[in-house]
Amino acid sequence: MKPAPFRYAAPRTLDEALAVLSQHGAEAKVLAGGQSLVPLLNLRLARPELVVDINRVAGLDAVRHEDGWVEIGALVRQWDAERDPLVRSQVPLLAQALGYVAHPQIRARGTLCGSVAHADPAAEIPLVLTTLGGEVVAARAGGSRTLPAEAFFLDLFTTALASDELVTAIRLPAGGFQGTAFCEFSPREGDFALVAVAVALRWDAGGRIQEARVGVSGVGPTARRVVEAEAALAGEEKSRSAAQRAGEAVAAAVHASGDVHASAEYRRHLARVLTERAVVQAMAIGGEGVDAQ
Amino acid sequence: MNGEAERTVAFTVNGSPWRGTVEVRQSLADVLREAVGLTGTHLGCEHGVCGACTVLVDGRPVRSCLMLAVQADGAQILTVEGLAPGPDQLHPLQEAFWNHHALQCGFCTPGMLMTAWALLQEHPQPTRAEIQTWLSGNICRCTGYQNIVEAVEEAAVRMAGEGGRA
Ligand SMILES: Cc1cc2nc3c(=O)[nH]c(=O)nc-3n(C[C@H](O)[C@H](O)[C@H](O)COP(=O)(O)OP(=O)(O)OC[C@H]3O[C@@H](n4cnc5c(N)ncnc54)[C@H](O)[C@@H]3O)c2cc1C
Ligand code: FES
Ligand code: FES
């Protein structure tokens, strides 16, 4: 038996789940896909007194399109989102990123909201949420609030979520970009990335970039947007040289620190190369391609 | 709701119903092996990294070391013991593994087979790259993977020839 003993509750409704959390939140852990929590239980790095399994809560498993947002409920599996027509057409950057999240067997159970609540600094889904300016919907007994990604992710494995709150959904802006790309480097396929870069571009009829989003993870405690790189792209023609300047802007802006997996210098190098690569890919997706200069 | 330490669960394994009382902290893998008596599902790392424990739950490949047995209440489970169509028979995947020497010690094999089964459900004619991606979550310390990939390729061809999956 791997985990330390705990008690187990499996509420059937959101109200029931929130009531349990309001009473026992401090000594409880929410169980969604279990792909991060159960390893921690098995290694006894987490020893909650109560596990609140939300998998049987009704109404949390939908992907919805409303008011310009794609809303993804707490029980939507990464596996389903990856194949979801709404996600693929309205938030292609997320669909691109999901292929990099672990392995099919992990995505079959893991949820997007669980990844966001877990806030691993190397995780792909928080990076996409941050890059696109997405939101997190958090409910507690008697009310709910919506937080922008940048206010939600505070530090590595640390979010603004209180112990009596449940993430009921994440929201991502629908559409808006013609070209998106996600690039990461990890030592083995399916591993957490050393560095990952997400790019979304919108351009006018003449191919001039009107708006750019550039996000990077692996060079700090949370994923972040790099406004310097976004500014370097805005107003430019799509070109490889503009992509290079964006890569240089990222390398100059980030403060990587070294660890057992990679030195600070190597992470900075990856951030530059991956940004350039992602911007070039995002430029090409619209169909016109990128001129060689 | 203060939660329980034990629960009675009922699920179907390889077509047969199973019902029993489990400790809520028991993994599905442990219950399959120790309570149901199906030891074909192997446990390597018990924290989600190696894939040896992969089983099908409601048609999807999952890490049975990362699922609590209580969560499988009502589920349809397929383990490696349920692959072969009958006694003294092998599933085309198993036969292809045999033909291609796709196992040495065999520890990883149940997880490889179950993952490959799920892959062929979704992509009956997978590319080599698709096979590699799907199997990337299963670690083998013996074979070097090459023969496993080839075995899955052959099984795909044979299963297509038999007019679908066995
Ligand atoms: C071998 C392996 C490789 C992996 N590789 C990657 C990778 O490359 N990239 C990546 O991003 N992830 C990776 N993961 C993690 C995986 O994506 C998890 O699925 C994800 O991090 C957590 O989602 P979950 O639904 O499984 O959450 P759980 O494990 O159930 O929960 C994780 C944490 O979030 C809390 N939580 C979950 N849902 C909610 C909610 N709705 N409200 C409030 N709190 C909640 C839990 O209490 C817990 O603290 C990997 C996991 C494994 C085992
Ligand atoms: S034993 Fe489950 S993944 Fe290793
Ligand atoms: S055959 Fe020995 S681990 Fe794969």
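The model is predicted, so local features need pLDDT of at least 70 and side-chain atom pairs count only at pLDDT 80 or more, while totals for chains, interfaces and linings use all residues. Residues are numbered from 1 along each chain as its sequence is written, chains are lettered from A and ligands numbered from 1 in the order in which they are written, and side-chain values use heavy atoms, with hydrogens and water left out.

**Salt bridges**

- Over all chains, the structure holds 22 salt bridges (a side-chain nitrogen of Lys or Arg within 4 Å of a carboxyl oxygen of Asp or Glu).
- One of them pairs Arg107(A) with Glu82(A) at 3.1 Å, N to O. This pair links distant parts of the chain, 25 residues apart: Arg107(A) sits in helix H6 (residues 104-107) of chain A and Glu82(A) in helix H3 (residues 78-83) of chain A. Helices (H or I, at least four residues) and strands (E, at least two) are DSSP runs, numbered from the N terminus.
- Arg107(A) and Glu82(A) are both buried; here buried means under 20% relative accessible area, exposed over 50%, and partly exposed in between, with a 1.4 Å probe and protein chains only.
- Another salt bridge joins the side chains of Arg171(A) and Glu135(A) at 3.0 Å, N to O. It also links distant parts of the chain, with Arg171(A) in strand E10 (residues 166-173) of chain A and Glu135(A) in strand E6 (residues 135-140) of chain A, 36 residues apart.
- Arg171(A) counts as buried because its relative accessibility is 17%, and Glu135(A) counts as buried at 18%.
- Arg268(A) and Glu265(A) form a salt bridge at 3.9 Å, N to O. Both lie in helix H12 (residues 264-285) of chain A, three residues apart, about one turn of the helix.
- Arg268(A) has 24% relative accessibility, so it counts as partly exposed, whereas Glu265(A) is exposed with a relative accessible area of 53%.
- Salt bridges that share partners also join Arg64(A), Glu71(A), Glu135(A) and Arg171(A) into one network.

**A buried glutamine in chain A**

- Gln78(A) has its place in helix H3 of chain A, and it counts as buried because its relative accessibility is 5%.
- Leaving aside neighbours within four places in sequence, Gln78(A) is in contact with residues including Leu98(A), Val101(A), Ile106(A), Arg107(A) and Ile125(A), where contact means heavy atoms within 4.5 Å.

**Chain B as a whole**

- Chain B has five helices and five strands, and from the N terminus on its elements run β-β-α-β-β-β-α-α-α-α.
- For 166 residues, a compact globule would have a radius of gyration near 15 Å, and the 16 Å of chain B agrees with that. This radius is taken over C-alpha atoms, and the globule rule is 2.2 Å times the number of residues to the power 0.38.
- Taken along the principal axes, the C-alpha atoms of chain B fill a box of roughly 50 × 30 × 25 Å.
- Buried residues make up 51% of the 166 residues in chain B.
- Of the contacts in chain B between residues at least 6 apart in sequence, 55% join residues at least 24 apart.

**Surface and charge of chain B**

- Chain B exposes about 7,200 Å², with carbon and sulfur atoms supplying 48% of it; accessible areas come from the Shrake-Rupley method with a 1.4 Å probe, and for residues only the protein chains shown count as cover.
- There are 10 positive and 17 negative side chains in chain B, and the centres of the two sets lie 4 Å apart. Lys and Arg count as positive and Asp and Glu as negative, while His and the chain ends are not counted; the place of a charge is taken as NZ of Lys, CZ of Arg, CG of Asp or CD of Glu.
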